[in-house]
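Got a minute to go through some labels and the cut-offs behind them? Here is the model to look at.

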Amino acid sequence: MPKTWPTSPLGAAERAFDLLTCPPAPLAFDARGLAGLPQQLLPLDKLRRLLICDRIPRSVCDQVWRQVVTRARRDGPAWKLAAVGLAMPGLRRTAGRLAAGWHGDNSDWDAELLTGFLARLNTVDLDEPRICGRLIDAGARAVKHARQREENTGVVHVDTAWSLPPSHPWDHPDWVLARAVAQAVIDLDEHLLITATRLEDIPLHVAADKLGIAVPLAAAWRRKAEHRLAEAIRTGELSKVVLEATSTGYRDTRARRDGLATRPRHPRTVLA
């Protein structure tokens, strides 16, 4: 008996991705020539499992994503759907984070997440790192903008003076950064880099080693993340975000930071 087609946008995208991987002619990715991956044609479901494995270097993941995005731009709908399916673990995590505290139907937000992701496929810079992360970030921003538009629909704007609310008592840098993660302004790796190297006495090369990347690349990630963070603070983008100290992202980042603090330091030149 055929399965009922999912009603949620993410569920429907996942089902369509599953169909791409079915015999007799599953869509496959040619991994030959990419170090760290099996040297063969990989069905997309197997490729997705490899991409989320900690043993695969980020640089290899970026090489895969450069090819996937190129195919999506050149070869049309099947590879666009392939890109969505390969990013589905990250898309679902982001959807869950954006829906925290929301008790209504999430279908509209999930649709906006996919729309933002797919729109960014056409413009994302393939020479920059974190290709998949930046695609998901674009989807998260689309959700944020849609929610802001909905919130503003019933607001009456008048030309008069208003008193400002009291300043938030929790504007410790840790909380500012945690709110930036929740709003997809920065990701957890960027949170770790900024917190470890700016707020803690941890050299950049130690943080870079923890993430498995070169020091110059870590410095570039940090610099770009700090620019986005500064802009978000300047525009007030983070002012309405309220977090719990027990939130998953906050716990995960603190745990990773604590792990960094216990690592031995090496007498290596630090590139800022």
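Predicted model: local features only at pLDDT ≥ 70, side-chain atom pairs only at ≥ 80, totals over all residues.

Residues are numbered from 1 along each chain as its sequence is written, and side-chain values use heavy atoms, with hydrogens and water left out.

Q: What makes Cys 132 too far for a bond with Cys 61?
A: A disulfide is a pair of cysteine sulfur atoms within 2.5 Å. The closest cysteine sulfur to that of Cys 132 is in Cys 61, 8.6 Å away, so the pair is too far for a bond. The search of the whole structure finds zero disulfides. Cys 53 is in none either, with the nearest cysteine sulfur, that of Cys 61, 9.0 Å away.

Q: Why is Cys 132 called buried?
A: Buried means under 20% relative accessible area, exposed over 50%, and partly exposed in between (1.4 Å probe, protein chains only). Cys 132 has 17%, so buried it is.

Q: Why does Asp 189 count as buried?
A: Its relative accessibility is 12%, so Asp 189 falls under the cut-off. Asp 189 lies in helix H9 (helices are DSSP runs of H or I, at least four residues, and strands are runs of E, at least two, numbered from the N terminus).

Q: What makes helix H10 mostly covered?
A: Six of the eight residues in H10 (residues 204-211) are buried: Leu 204, His 205, Val 206, Ala 207, Ala 208 and Leu 211. After H10 comes Gly 212, with a positive phi near 75 degrees.

Q: Why are H9 and H11 called roughly perpendicular?
A: Angles under 35 degrees count as roughly parallel, over 145 as roughly antiparallel, 65 to 115 as roughly perpendicular and the rest as oblique. Axes are lines fitted to C-alpha atoms, for helices over the stretch in contact, and angles run from 0 to 180 degrees between N-to-C directions. Helix H9 (residues 188-199) and helix H11 (residues 215-235) pack at about 95 degrees, their axes 9 Å apart, so the pair is roughly perpendicular.

Q: Which residues does Phe 117 touch, not counting those up to four places away in sequence?
A: With contact meaning heavy atoms within 4.5 Å, the list includes Trp 65, Leu 91 and Ile 136.
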